[in-house]
Structures are given as structure tokens and as C-alpha cells.
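Trainee: Could you take me slowly through one part of this model, and then show me how that part sits beside the rest?

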Amino acid sequence: MLVASDLDRTLIYSAAALGLTMPDRDAPRLLCVETYEHRPLSYMTETAAGLLAELAARAVFVPATTRTREQYQRVRLPGPPAAYAVCANGGHLLVDGESDPVWQAHVRRELTDCAPLDEMRAHLRHTADPGWLLKERVAEELFAYLVVDRDRLPDTYVKELGDWAGPRGWTVSLQGRKIYAVPRPLTKSAAVAEIARRTGAPVTYAAGDSLLDSDLLLAADHGWRPGHGELADSGWDAAHITALEERGVAAGERILREALRRAR
Ligand SMILES: [Mg+2]
């Protein structure tokens, strides 16, 4: 079987996203799986780390992330290196760590019907307010994202951006401090379907917390979403997807426990 999972706020968590609501003496031991500029950045529970190592040995485990390749490559997940990974929201399909050129060419063809990236960036620069905009970034020359001050971001901005982007073939997603604008054909599910085809895996499981994971979840045979995040907040639901109660890093552990139970 194949298990494709989002990383950030699904399997791995920044300190701010851990959601450790229990008394300190009961908090789970954590494993740091990413450092950035010499500082610890992302964690999973020690128990989740053990579950992931076993899962990766028993199933085709596919990290499926919106991160760029560079951002992905600093994550050091437990277990053997993933033979396949999806980066840039499906823009890059990594095979043994290298981006597959055949997939890159396929992606370029798929994007010809969407408004160009430059048009989206011009709109973002025109509409974003320096009062809440912290950074504007381009990822892999494929899509753009804004890093924003959530406390100052007007409630209406993401909706208005989505209304503008939709007819131009782009999707907008708000995740933590980041607003992503991504061409609609650039999906995790398309890349995971290609991996399922190449590996011959008959069954696919998926996990994710944000709008950019919804296609991945819908395309899977079964899946899980955490009790936190963009999908949970919007009440997103599907018959074959289990909406977990767990929030924060505990949700990551539960997802891995459920996936491993099926792999066994
Ligand atoms: Mg996520």
C-alpha cells in the first residue's frame, strides 16, 4: 500500500503548532526533525518517529508537501530515505531525491491554461498591505506565497484574493502565517497518482490538514485529517476521510498509528 502524507501540521510541527495542552509533566517527548539557520524548527513525538520508521519499512511512504525541494531536504524524517516524494505541491516528483524530468515537463504542459505567475505576483504586490505583509516569496518558479502578520491581516483578504484567482485558474490557501497562491493543476494528488502508477500500489491512504491537501484526500481510498487546520476550521468532510479529534502534534502520532495498523 501507499501512504501519502502532508508534512507541516500533519506529521511535523513547529513549536507554535505543537498544541501541548497537557500538564508539562505529561507532555510527550519530542524529536527535532528539522533545523533552520542553526535553530530547531520542526518536531514530531518520539512515539510518532518510531511509528513512521516502521510504516516506511512496510509501505510506500510518500511525503507530499507544498515545500520547495530545498525546504523539504532539510527535514530529516525517521526511517529509510523516501524513494518517492512530492514537493512544490506536485511541481516536483522526487525519485531517490532527484526531481523527475519527465514529470517536470508534464507539469509545464499542464500549467499553460492558467494565468502566468508574473500576473499573480503583480496582483499580490498590488493588493498586499505593508501593514501586515512580512514577505513575498516565489517557490520553484511555480507559485507564490505571502508571509503575513495574522493579527493584522484583514478577514476579507483571503476570500477576495481567492475570488480574483479562481477565474484565472489559481487556488488560494491560508496556512498559519502563509497565504499560498497555487495554479490549480499543480496538485499533490496528480503527483501521487503517478507514483501509485509507477509502484503499482493498489491502495492509497492520505493525510493532510489544509485546503491544498483536499485533492490528495479526495483521491485516496481512505485518509485522515487532524482536528486542527484549514480543513477542520472550515468543517471540510468526506465520507472516506476520518476527521480526527486530536489537535497538534498528537494528531500526527494518531495518523501514523492508524496508517501502520492498516499496513500490518
Ligand atoms: Mg499542512
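Mentor: Let us begin with an open sheet of four strands, which follow one another in the order β9-β10-β12-β11 with antiparallel pairing. Strands here are DSSP runs of E with at least two residues, while helices are runs of H or I with at least four residues, and the numbering starts from the N terminus; two strands pair if DSSP finds at least two bridges between them. Please keep in mind that this is a predicted model, in which local features need pLDDT of at least 70 and side-chain atom pairs count only at pLDDT 80 or more, whereas totals for chains, interfaces and linings use all residues. Residues are numbered from 1 along each chain as its sequence is written.

At the edges of this sheet stand β9 (133–139) and β11, each with a single partner strand, so one side of each has no neighbour in the sheet. From one strand to the next the twist averages 15 degrees, where axes are lines fitted to C-alpha atoms, for helices over the stretch in contact, and angles run from 0 to 180 degrees between N-to-C directions.

Now look at β12, which covers residues 178–183. Strand β10 (residues 143–148) runs antiparallel to β12 and is joined to it by four bridges, and among the residues involved, Leu146 has Ile179 of β12 as its bridge partner. Strand β11 (residues 170–175) is also antiparallel to β12, with six bridges between them, and here Leu174 stands opposite Ile179. The hairpin of β11 and β12 has two residues between the strands, and in it Gly176 takes a positive phi near 60 degrees. Five of the six residues of β12 are buried, so this strand is largely enclosed by the rest of the structure; a residue is called buried if 20 or more other C-beta atoms lie within 10 Å of its own, exposed if 12 or fewer do, and partly exposed in between, with C-beta atoms placed from the backbone.

Two helices belong in this picture as well. Helix α4 (residues 117–127) lies across β9, β10, β11 and β12 and runs at about 20 degrees to β10, while helix α5 (residues 157–165) lies across β11 and β12 and runs at about 160 degrees to β11.

To place this part in the whole chain, note that the chain is divided into domain 1 (2–109 + 186–263) and domain 2 (115–183), with bounds that come from an automatic or database domain assignment. The centres of domain 1 and domain 2, taken over C-alpha atoms, are 23 Å apart. Eleven residues from domain 1 and ten residues from domain 2 make the contact, which requires that the C-beta atoms of two residues, placed from the backbone, lie within 7 Å. On the side of domain 1 that touches domain 2, four residues are nonpolar, six polar and one charged; Ala, Val, Leu, Ile, Met, Phe, Trp, Tyr, Cys and Pro count as nonpolar, Asp, Glu, Lys and Arg as charged, and the others, Gly among them, as polar.

There is also an open sheet of five strands with parallel pairing, in the order β5-β1-β13-β14-β15. Its edge strands are β5 (60–63) and β15 (241–243), each of which pairs on one side only. Strand β1 (residues 2–5) pairs with β5 in the parallel sense over four bridges, and Ala4 has Val62 of β5 as its bridge partner. Helix α6 (residues 188–199) packs on this sheet, where it touches β1, β5 and β13 (204–207), and its direction makes about 160 degrees with that of β1.

Four bridges also join β1 to β13, and these two strands run parallel; Leu2 has Thr204 of β13 as its bridge partner. From β13, Thr204 and Ala206 point one way, Tyr205 and Ala207 point the other way, and all are buried. Next, β13 pairs with strand β14 (residues 222–225) in the parallel sense over three bridges, and Tyr205 has His222 of β14 as its bridge partner.
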